[in-house]
Amino acid sequence: MILVVGGLADTVTELVCSRLMDCGYPYRFLDLGFYPSGYQVNWHWQDSGRPCGYIEGPDWKLELDELTGVYARYLGEEGRVPHSDISPVSAPAMYFEYDSGLMALLEGLPCPVVNRVAGGMSNSSKAYQALLVRECGLLTPPTLVTNDPDAVRRFYKDCERQVVYKSLSGIRSIVRRLRPEHLERLPLLRYGPAQFQAFIPGENVRVHTVGDALFASCVHSEAVDYRYGAREGHDVVMEPAVIPTGVERACLRLARRLDLLLAGIDLKRAPDGSYYCFEVNPSPGFLYYEQHTRQPISTAVADLLQHGLRLRGGEETMPVQ
Amino acid sequence: MIANPLAHPSRLSWWLETERSRSTLTSNGQKPLRDEEIDGVLVLGAGWIDPSGWRPDDLTYMQSETHAALLAWLWSLQCPVVNRYPPAIWYRPQAPLLSWHGLLQRSGLQTLRTLVTNVADEARAFGRLLAADGPDGVVYGALTSEARYLVTSEDDWRRLAALQRVTPVCLSAPHGEAQRICVVGDRVVWDGDPAPKTIGLEPALREFATTAGLACVELALAPTAQGVCVVAVETQPRLEHFGDCARKDIVGGLAELLTAKPETSHGRMRHGSSESRS
């Protein structure tokens with residue numbers, strides 16, 4: 001049995017549920033929008049360190065040892081309906097408490113979990129990910145992380161004024177070109193750091209890894225950050241892409257290194273054919289790419305949740321932890 | 001001592017490319033320090049920002065940026081860093097003890113019998129189970145705070161049931177007085193003399209610290225009806241939790257770690273990968 005943890009208003013979670021239905025894979029849905037209202041939960045930890053117990057929904061009961069896979073996509077406050085006995089002021093603390101319990105449970109389950117929260121933590125530091133990216137055999141663009149305005153000016157000059165800036169964390173994560181008029185604001189860096197990167201021209205390639213499967217999409221757009229291309233009046237066109245085997249392997253290595261069964265990896269194919277990696281998203285909104293390229297990403301997720309992780313070239317199911 | 005290397009008056013610049021990484025750190029008007037000139041780093045915080053004058057959302061953003069930059073820079077250094085926190089710990093230093101259960105048990109350490117439930121009858125049954133071979137009562141503690149409450153009387157149980165109507169509760173077995181331990185490198189420093197039953201746990205304690213990717217970690221052990229259990233894990237050990245003798249040993253251990261030969265980059269990243277806690 002598969003457990004989906006999330007909110008039905010979230011289109012990616014909705015897609016996973018509908019794909020599970022299409023595939024005929026039985027699943028139970030724990031609606032985080034209302035949880036814990038309407039649910040009974042009860043679990044303890046065995047001597048093996050594994051949790052044991054059950055989750056009971058409106059018309060179903062699921063023993064944890066029946067689970068073949070879990071898909072989890074946590075919700076922000078806006079997706080929650082507060083319990084009638086909880087004041088709005090206390091609600092965020094309660095959501096944190098609910099999620100902490102679920103996260104501890106999912107961390108300890110022996111079945112595949114897409115994704116465990118620990119694996120996704122690296123996405124809160126894109127510069128940390130860049131270190132892993134290098135180790136896994138992908139290129140990382142020349143990058144400067146600093147709170148020193150003079151260092152930025154030198155970097156800007158060294159990169160022939162072809163520089164982008166973006167957040168280091170997952171907050172306000174929009175990529176922008178560094179323009180001459182922005183240099184006046186550099187003294188504000190004294191309050192905290194920013195990340196600057198040499199602008200890499202070329203084609204954006206989004207890779208989704210699902211266990212050992214890989215789906216690459218080429219994104220054609222004139223926007224610096226194609227995710228926000230429409231806002232800037234740019235068209236975004238996507239198509240399935242084929243990437244070199246070495247890059248595929250490096251992407252799979254990176255996802256496994258981060259303990260991510262599902263990952264969205266942002267690459268750029270430079271004019272010389274080399275591939276640069278920018279970041280790894282542990283909770284990718286793959287619906288957008290699936291709709292544009294018709295690649296069966298959600299089917300691969302459904303298969304992974306039902307059958308576990310299959311090693312390439314073999315039928316053996318690999319233990320996840 | 002630098003409160004935050006990425007805020008005025010300090011300046012940190014870190015250049016990262018596919019083939020190399022280098023950085024310079026300037027603090028208090030001193031000569032810039034290149035990364036290869038740093039022999040060791042003791043991490044006592046994640047980069048503090050004075051909240052005064054900030055809008056809450058901007059402060060959150062600046063803290064996130066600072067934490068992200070500092071985590072990565074620490075991982076880029078070739079010198080010993082204590083602790084070179086894996087992201088899962090860096091971003092959740094106060095994670096509930098529950099999140100350590102798996103790793104503790106796989107390391108050979110016992111954990112408290114624990115139940116998470118919003119079913120009143122299950123909570124009562126758990127209480128009866130514990131009472132069968134130990135003292136009466138269960139300990140309730142929220143996962144996101146350190147407060148703990150002993151539930152023994154009928155009134156306690158009624159209030160617990162009321163709480164369960166709005167949230168699952170985390171219940172665990174009561175335990176005796178805890179003893180603090182700090183694993184620092186290969187040393188296991190006990191606050192006071194270890195009991196004969198607990199001294200044999202030293203290899204497991206070292207194993208836990210190593211697997212967690214922590215060169216220095218504080219734990220608390222306590223007797224329970226089922227034996228000696230880990231009742232706390234502190235990823236940012238605090239000297240004030242220990243007596244004078246133990247403090248000296250911990251500081252000695254830290255000095256050893258900070259002056260040790262640098263690790264290889266490959267070994268570091270592998271050691272600290274994000275799966276450590278699960």
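Residues are numbered from 1 along each chain as its sequence is written, while chains are lettered from A and ligands numbered from 1 in the order in which they are written. Because this is a predicted model, local features need pLDDT of at least 70 and side-chain atom pairs count only at pLDDT 80 or more, whereas totals for chains, interfaces and linings use all residues.

**View 1. Chain A as a whole, with its confidence.** Let us start with pLDDT, the predictor's confidence in each residue, from 0 to 100. Chain A has an average pLDDT of 91, and 94% of its residues score at least 70. Residues 313-321 of chain A fall below 50, and this stretch has 13 contacts in the model beyond near neighbours in sequence. Here, two residues are in contact if their C-beta atoms, placed from the backbone, lie within 7 Å. Among the contacts in chain A with a separation of 6 or more, 66% are between residues 24 or more positions apart.

**View 2. The build of chain A.** You can find eight helices and 18 strands in chain A; helices (H or I, at least four residues) and strands (E, at least two) are DSSP runs, numbered from the N terminus. The radius of gyration of chain A, 21 Å, is close to the 20 Å that the globule rule gives for 321 residues, so chain A is as compact as a globular protein of that length. That radius is taken over C-alpha atoms, and the globule rule is 2.2 Å times the number of residues to the power 0.38. The C-alpha trace of chain A spans about 65 × 50 × 40 Å along its principal axes.

**View 3. Domains of the two chains.** Domain bounds come from an automatic or database domain assignment. In chain A they give domain 1 (2-111), domain 2 (142-198) and domain 3 (203-318), and the C-alpha centres of domain 2 and domain 3 of chain A are 27 Å apart. Chain B has domain 1 (11-79), domain 2 (90-109 + 177-271) and domain 3 (114-172). Between domain 1 and domain 3 of chain B, the C-alpha centres lie 43 Å apart.

View 4. Which strands make up the open sheet of seven strands? The order is β10(A)-β9(A)-β11(A)-β8(A)-β1(B)-β2(B)-β3(B), with antiparallel pairing; two strands pair if DSSP finds at least two bridges between them. At the edges are β10 (176-177) of chain A and β3 (33-34) of chain B, each pairing on one side only. Helix α1 (residues 56-76) of chain B packs on the sheet, touching β8 (143-146) and β11 (194-198) of chain A as well as β1 (11-16) and β2 (21-26) of chain B. The direction of α1(B) makes about 60° with that of β1(B); axes are lines fitted to C-alpha atoms, for helices over the stretch in contact, and angles run from 0 to 180 degrees between N-to-C directions. Back in chain A, β9(A) and β10(A) pair in the antiparallel sense over two bridges, and A:Tyr165 stands opposite A:Arg176 in β10(A).

**View 5. Where the chains touch.** The contact takes 62 residues from chain A and 57 residues from chain B. On the side of chain B that touches chain A, the elements giving two or more residues include α2, α3 (101-106) and β6 (114-117) of chain B. The largest share of that side, 12 residues, comes from α1(B).

**View 6. A mostly covered helix.** A residue is buried if 20 or more other C-beta atoms lie within 10 Å of its own, exposed if 12 or fewer, and partly exposed in between, with C-beta atoms placed from the backbone. Of the 321 residues of chain A, 47% count as buried. In helix α4 (residues 126-135) of chain A, nine of the 10 residues are buried, including A:Tyr128, A:Leu131 and A:Arg134. After α4(A) comes A:Gly137, with a positive phi near 100°.

View 7. Most residues other than glycine have a negative phi, and most peptide bonds are trans. A:Arg161 is not a glycine, yet its phi is positive, about 65°; this residue counts as partly exposed because it has 13 C-beta neighbours inside 10 Å. Is A:Arg294 buried or exposed? A:Arg294 is exposed, with 11 other C-beta atoms within 10 Å, and its phi is also positive, about 65°. A cis peptide bond joins A:Tyr35 and A:Pro36, with omega about 5°, and A:Pro36 is in the loop between β2 (27-31) and β3 (40-45) of chain A. In chain B, the peptide bond from B:Val82 to B:Asn83 is cis, with omega near -5°.
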